[in-house]
Amino acid sequence: MALLHLRHLTHHSLLSTSKLHHHFRFSPLKSPRFSCSASASTTMAKQVLVPIANGTEPMEAVITIDVIRRSGADVTVASVEKELRVDACHGVKIVADALVADCKNTVFDLIALPGGMPGASNFKDCGALESLVKKQAADGRLYAAVCASPAVALGSWGLLKGLKATCYPSFMEQLQSCATAVESRVQQDGKVVTSRGPGTTMEFAVTLVEQLYGKEKADEVSGPLVMRPNHGDEYTITELNPLEWKCNNVPQVRF
């Protein structure tokens, strides 16, 4: 059984830590905002929320969190459950920075939902998360989802109406009832980005980095990941030890 601690020091994680470890004491803050004494580089970092739930697909969650953090963004991992630790799929445990309820007054540049079942259904049933994402959309800020979450969560909330979107293959029929469903690895339409599953999450996350910081930063992040440059193309095989191919006889075609 794997236990993934994805936590880092954010305002939300400090609030949650004070609840878990009673021997630490933190002065109450009037509002969930970052300290005014933060450095310029910290205040310029994009604020990203990645919710997790019981039944979340761990690959989609961890890849999204990891890749976006590599861009320099401040990613808050928030649990929709009543505690920080969630039971993700395949026996993986993930520990969040905060509860979604603790994030309701924070402005995020991006909210990105991983998929998995019943994780996507747990997202859909979380009123606090629904309110956050609906406000994100209403304010014209970036939101995204992968796997089952585009159809199960975003679609159910009415946030894909009239937009092109994609999702996990077995949820495409459900997606057709709430969006213009397309079979693409990553689909962007306006301020929403959707993708298909674990195998497309790396591209999904890099696309989100590009939306946050631009193509130069996306290329900087994706380069060391050794990603395929053009995912629609076939693999090109390069022979590192070239061989000289010789043919002694002229090929003949027999009829």
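User: In strand 12, which residue is the bridge partner of Asp189?
Analyst: This is a predicted model. Strand 11 covers residues 186–189 and runs antiparallel to strand 12, with 4 bridges joining them. In strand 12, Asp189 has as its bridge partner Val192.

User: Which residue takes a positive phi in the hairpin of strand 11 and strand 12?
Analyst: The hairpin has 2 residues between the strands. A positive phi near 65 degrees is found there, at Gly190.

User: Which residues of strand 12 point the other way from Val192 and Thr194?
Analyst: In a regular strand the side chains alternate between the two faces of the sheet. Strand 12 spans residues 192–195, and its residues are all buried. Val192 and Thr194 point one way; pointing the other way are Val193 and Ser195.

User: Which residue stands opposite Val193 in strand 12?
Analyst: Strand 12 also pairs with strand 8, residues 142–146. That pairing is in the parallel sense, over 4 bridges. Opposite Val193 stands Ala144.

User: Which strands stand at the edges of the sheet of 7 strands?
Analyst: The sheet is open, with mixed pairing and the order 6-3-2-7-8-12-11.

User: Which residue of strand 3 stands opposite Ile52?
Analyst: Strand 2 holds residues 47–52 and strand 3 holds residues 74–79. The two run parallel and are joined by 6 bridges. Opposite Ile52 is Ser79.

User: At about what angle does helix 8 run to strand 8?
Analyst: Helix 8 is made of residues 201–213. It lies across strand 2, strand 7, strand 8, strand 11 and strand 12. Its angle to strand 8 is about 175 degrees.

User: At about what angle does helix 3 run to strand 3?
Analyst: Helix 3, residues 58–70, lies across strand 2, strand 3, strand 7 (110–113) and strand 8. Its angle to strand 3 is about 155 degrees.

User: Which residue's side chain is joined to that of Arg141 by a polar contact of 3.2 Å?
Analyst: Arg141 is in the loop between helix 5 (127–138) and strand 8. A polar atom of its side chain lies 3.0 Å from the backbone oxygen of Phe108. Residues that Arg141 touches, beyond four places away in sequence, include Val107, Asp109 and Lys191. The side-chain partner at 3.2 Å is Asp139.

User: How many disulfides does the count come to?
Analyst: A disulfide is a covalent bond between the sulfur atoms of two cysteines. The sulfur of Cys167 has its closest cysteine sulfur in Cys178, at 8.1 Å, which is too far for a bond. For Cys178 the closest cysteine sulfur is in turn that of Cys167. The count of disulfides comes to 0.

User: What is the relative accessible area of Cys178?
Analyst: Buried means under 20% relative accessible area. Cys167 is buried at 0%. Cys178 is buried too, and its value is 18%.

User: Is Ser222 buried or exposed?
Analyst: Ser222 lies in helix 9, residues 215–222. Its side chain reaches the backbone oxygen of Asp219 at 3.4 Å, and beyond four places in sequence Ser222 is in contact with Val206 and Met227. The cut-off for buried is under 20% relative accessible area. Ser222 has 16% relative accessibility, so it counts as buried.

Conventions:
Residues are numbered from 1 along each chain as its sequence is written. This is a predicted model: local features need pLDDT of at least 70, side-chain atom pairs count only at pLDDT 80 or more; totals for chains, interfaces and linings use all residues. Side-chain values use heavy atoms; hydrogens and water are left out. Buried means under 20% relative accessible area, exposed over 50%, partly exposed in between (1.4 Å probe, protein chains only). Two strands pair if DSSP finds at least two bridges between them. A polar contact is a pair of N or O atoms within 3.5 Å; within protein, one must be able to donate a hydrogen and the other to accept it, and residues adjacent in sequence count only if both atoms are side-chain atoms. Contact means heavy atoms within 4.5 Å. A disulfide is a pair of cysteine sulfur atoms within 2.5 Å. Axes are lines fitted to C-alpha atoms, for helices over the stretch in contact, and angles run from 0 to 180 degrees between N-to-C directions.
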